[in-house]
Amino acid sequence: MKSVMLPSAYVHQTQRCLYNSALLGRSSLRQSVLQTCRQQNTARISERTFSSTPTLFNWLAPKRGHSEKNRKGRPRVRTGGSTKGTTVVWGDYGLRMRDHDRRLPAKQLQIAVDAIKMRLRGQRYRLYTRVCANIGVYTSGNEVRMGKGKGSFDYWAARVAVSRIVFELKGDLHEQIVRDAFRIAGNKLPGLYEFVRKGDPPVMGITKVEAGTTLEDMRRPRIKLPMDVTAGRIPATTPP
């Protein structure tokens, strides 16, 4: 049988009840006092001893920590019809990468977030992060010969594909203020970024699915044009 460690407050309350019942002397009163004390102590023990506030998720480092060496890898351009992660979901405005895929170090992501908070200081808003720094980057020291392993752990980075939303923001703010905040954050990060709003068309690969362009049309294979049409597009140096 396991022994249960009771809280000190429970022990002190029980001792106080026993002392009061001993002073009373009468068995009926003693039983009623002890029963009341047991009910109070049971209510105290049944209370939740933890907080219902959710713990903050550290998006700049994985929870598992450094366990095995990750490969460098390269995000693939989504050409099979997927537009996941290219539109604003939770916020009203977003910052989207538009040049090509790259790895964003956790330190630079934190600098970008601090820049946004500094620009929007005193405003009421909520910032969402759509990426997570869960890829380990390993480097070797300077003037080290080739071979002898991958190197030691250096920092965490996020592998971001092209046309991926990095940050989202929601709040009662003017659009120009949010544009300025995202402009400063984009200057702190490597690569080129664009400002998007909620409801903007998604992006498949590097092509925006705008009006007149459907996902079915983009999933179809390319149609081979006749030779006369193809040759007509070639610029000529001399008039016909």
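This report walks through strands, loops, charges and some distances in one predicted model.

## Before we start

Since this is a predicted model, local features need pLDDT of at least 70 and side-chain atom pairs count only at pLDDT 80 or more, while totals for chains, interfaces and linings use all residues. Residues are numbered from 1 along each chain as its sequence is written, and side-chain values use heavy atoms, with hydrogens and water left out.

A few words come up again and again. Helices (H or I, at least four residues) and strands (E, at least two) are DSSP runs, numbered from the N terminus. A residue is called buried under 20% relative accessible area, exposed over 50%, and partly exposed in between (1.4 Å probe, protein chains only). The areas themselves come from the Shrake-Rupley method with a 1.4 Å probe, and for residues only the protein chains shown count as cover.

## A covered strand and its partner

Let's begin with β4, which spans residues 135-139. This strand is mostly covered, with 4 of its 5 residues buried. Next to look at is β5 (residues 152-160), which runs antiparallel to β4 and is joined to it by 5 bridges. For two strands to pair, DSSP has to find at least two bridges between them. If you want to spot one of these bridges yourself, find Val-137 and look across to its partner in β5, Tyr-155.

While you're looking at strands, here's a handy rule: side chains in a regular strand alternate between the two faces of the sheet.

## Two loops with a positive phi

Now follow the chain into the loop between β4 and β5, where you'll find Glu-143. Its phi is near 60°, a positive value in a residue other than glycine. Glu-143 counts as exposed because its relative accessible area is 85%.

Ser-163 sits in another loop, the one between β5 and β6 (165-171). This residue isn't a glycine either, yet Ser-163 has a positive phi of about 65°. Ser-163 has a relative accessibility of 6%, so it counts as buried.

## Salt bridges

Time for some charges. A salt bridge here is a side-chain nitrogen of Lys or Arg within 4 Å of a carboxyl oxygen of Asp or Glu. Searching the whole structure turns up 8 of them. One of these pairs Asp-99 with Arg-102, whose closest N and O atoms are 2.7 Å apart. Asp-99 is partly exposed, with a relative accessible area of 24%.

Asp-180 and Arg-119 also meet through their side chains, at 2.7 Å from N to O. That pair ties distant parts of the chain together: Asp-180 is in helix α4 (residues 175-188) and Arg-119 is in helix α3 (residues 106-119), 61 residues apart. Arg-119 is partly exposed at 32% relative accessibility.

## A positive patch

Lys-69, Arg-71, Lys-72, Arg-74 and Lys-150 form a positive surface patch. Patches take residues with over 30% relative accessible area and no salt bridge, joining like charges within 9 Å and nonpolar side chains (Val, Leu, Ile, Met, Phe, Trp, Tyr) within 5 Å. Lys and Arg count as positive and Asp and Glu as negative, while His and the chain ends are not counted. The place of each charge is NZ of Lys, CZ of Arg, CG of Asp or CD of Glu.

Take Lys-72 from that group: it lies in the loop between α2 (27-45) and β1 (93-97). At 47% relative accessibility, Lys-72 is partly exposed.

Arg-64 is in the loop between α2 and β1, and at 46% it is partly exposed. Arg-64 and Asn-134 are 70 residues apart in sequence and 9.4 Å apart in space, C-alpha to C-alpha. Val-89 lies in the loop between α2 and β1 too, and it is partly exposed at 41%. Its C-alpha is 9.7 Å from that of Arg-130, 41 residues apart along the chain.

Finally, there's Phe-195 in strand β7, which is buried at 19%. Phe-195 and Asp-180 are 15 residues apart in sequence, and their C-alpha atoms are 9.9 Å apart.
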